[in-house]
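Please look at the sequence and the model below. The paragraphs that follow go through some helix packing and then the contact between the chains.

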Amino acid sequence: MLAQPFFPFIPQLHIPDGFLSLAVAAIFWLLSLVFVAVGVHKVQKTFNERLIPLMGIMAAFIFAAQMLNFPVAGGTSGHLLGGALAAIVLGPWAGILVMTSVIAVQALLFQDGGLLVMGANIFNMGILTALVGYGLYRPFAASRRTVQMAAIGVAAWFSVMAAALLTSLQLWLSGTSTLNVVLPAMMGVHALIGLGEALITVAAVSFIRQARPDLMGAKQVREQGGWGWVAAGAAVTLLALLLTPFASADPDGLERVAINLGFMHAGQDAPYQLLPDYTIPFLGESPISGILAGLVGAAVVAALVVLMVHLLRRSSTLTNRRA
Amino acid sequence: MHIDAFDQYQESDSLVHRLDPRVKVVVTALFILSNALLPDGAWAGFLIAFGLIALVAILARLELWRVVKRSFIALPFALAAVTIAFAAPGPPLFSFALGPWEFTVTVPGATRFLSILLRSLLSVQMAILLTMTTPFPDLIHAFRHLRLPHSLVAIIAFMYRYLFVLSDEALRLLRARAARTARLDDRAVGGSVLWRARVTGNMAGQLFVRSFERSDRVYNAMLARGYQGHLYTLSPHEMSGFDWAALGFFALALLALQIFARIG
């Protein structure tokens, strides 16, 4: 089968059935259903009867775009998840619908991601990425090109990180993984995957803006989503920025919070899954250093993007000269 | 690529193939739900669940081994669950040293890990059986009959229709890039990682523009043929007595399985 060779490159955010507890799966199905239902309503109003062909083909586009990859080093390759790209180019509600369809087809056709846990997968890879991706891009939609591209890069990077964070938390709440191992592992791998996502998203948006400036004007952006998205996106990013270092430095602390709030009890089926003390020496860092690391990561992405925009501009003046 | 290039459907005329797709979708969902409800360490329950998988595979005239082998697609994710084998408190099963660290697998930890793994494999196997015995368009009809949101089902139907078209387009872009990327083994050629990322991003942008414009053309063609926002089907898809019987059999079997796993 043709698509098979591409699958190893798709990052492991597609949770299969069996890895989440029933309670966690049900909660995220509910959350996702609410977002998708509102999304259908909103997008129907914007596109009317154009909704179905446009969204269907855009979903097929994201699926196909996930095949595009580039070699990084040592046999690994960077490629696109697409959640942020879809939300930035089509608007957040349309982005959610597109990603929902992609995740549904991947689960039904390829068993890439489960059915009972599909709600969680839709939330992590479709809704969260739209919140963060669009929310962080929206305030800069009318800014200078360099600023705008930097915002898109940061938004794409954070969208992947937020998805990885929530996936880790869901696995932990389900009693499937211990937080002090799954969180650093997921965040570490996806910090790199997010970098590829950021670079591809920036280049793709910049290409689309040149080829079809009519699709991404300030007017469209205003119509697609308001400041509620910005607030939600900023809130999710801030929460991730605070939670990640706190959780990696003090998993027991987060566990206590979860028990106090009753999350642990709701998520887990057996009492012995309450995680015992189990620490890895090299993870003993303070929350402050973790937050700093997150900010440094964002700064690195921004710098890379500025550099790339510079490259883009140089190559486009070159082409103009040649023409 | 052909329209069903991605479809796992195995053409045959078995009992399972002839079942109404609605029954197959509902049974698959119930089966996965039942797996999630099985308690940790209910080995007999897991075995019976696998018996149901084997029964469906035999009735569908599919090789059980192929189904099992394909279900290993979920295995890489098990890495995320390995840690629980060490973390759950309880009597130790065995321990081993890895560098400076000493790892101890506990009995409840191993039980939990194996149960997660079995639940996942069984669920994936039933989902595979569903896609192997049901053409994707039939699945879409089943969703429509099961009253899933109409527009979402139509979007998914459309996505399936254009999946291979746009995948072809993506492969064309990849081929074009490969054709223009000469490589010498002993010399670094091409640009930096940044440059490569930009080229890939441009390809994604190009693919987007082509897809968007195609959706415009498709939409206009649909309008010209009288499209008013609804997709219709001529297929009646009526439930026969046999369909109801199969649904009842599976519901009862899963109920019995749950009761057995709790008593035994």
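In chain B, the axes of helix α3 (residues 43–59) and helix α10 (residues 241–263) come within 9 Å and cross at roughly 160°. Helices here are DSSP runs of H or I with at least four residues, numbered from the N terminus; axes are lines fitted to C-alpha atoms over the stretch in contact, with angles from 0 to 180 degrees between N-to-C directions. α3(B) and α10(B) are therefore roughly antiparallel, the word for angles over 145 degrees. Their crossing is right-handed, meaning that the near helix is turned clockwise from the far one by less than a right angle, whereas anticlockwise is left-handed. On the α3(B) side the contact (heavy atoms within 4.5 Å) includes B:Ile48, B:Leu52 and B:Leu55, and on the α10(B) side it includes B:Phe249, B:Phe250 and B:Leu257. By class, this contact has 13 nonpolar residues, one polar and no charged; Ala, Val, Leu, Ile, Met, Phe, Trp, Tyr, Cys and Pro count as nonpolar, Asp, Glu, Lys and Arg as charged, and the others, Gly among them, as polar.

This is a predicted model, in which local features need pLDDT of at least 70 and side-chain atom pairs pLDDT 80 or more, while totals for chains, interfaces and linings use all residues. Residues are numbered from 1 along each chain as written, chains are lettered from A and ligands numbered from 1 in written order, and side-chain values use heavy atoms, without hydrogens and water.

In chain A, helix α5 (residues 118–137) packs with two other helices. The axes of helix α1 (residues 22–47) and α5(A) come within 7 Å and cross at roughly 50°. That makes α1(A) oblique to α5(A), and the crossing is left-handed. Among the residues that meet are A:Phe28, A:Trp29 and A:Phe35 of α1(A) and A:Met118, A:Ile122 and A:Phe123 of α5(A). This contact has 10 nonpolar, two polar and no charged residues.

The axes of α5(A) and helix α9 (residues 227–249) of chain A also come within 7 Å, crossing at roughly 110°. The two are therefore roughly perpendicular, a class that spans 65 to 115 degrees, and their crossing is left-handed. Residues in contact include A:Leu128 and A:Tyr134 of α5(A) and A:Trp229 and A:Val236 of α9(A).

Between the chains, the contact takes 83 residues from chain A and 82 from chain B. They bury about 7500 Å², 78% of it on carbon and sulfur atoms; buried area is the accessible area (1.4 Å probe) lost on putting two parts together, summed over both. Two salt bridges link chain A and chain B, each defined by a side-chain nitrogen of Lys or Arg within 4 Å of a carboxyl oxygen of Asp or Glu. A:Arg50 forms a salt bridge with B:Asp216, with the closest N and O atoms 3.0 Å apart.

Conventions: Parallel < 35°, antiparallel > 145°, perpendicular 65-115°, else oblique.
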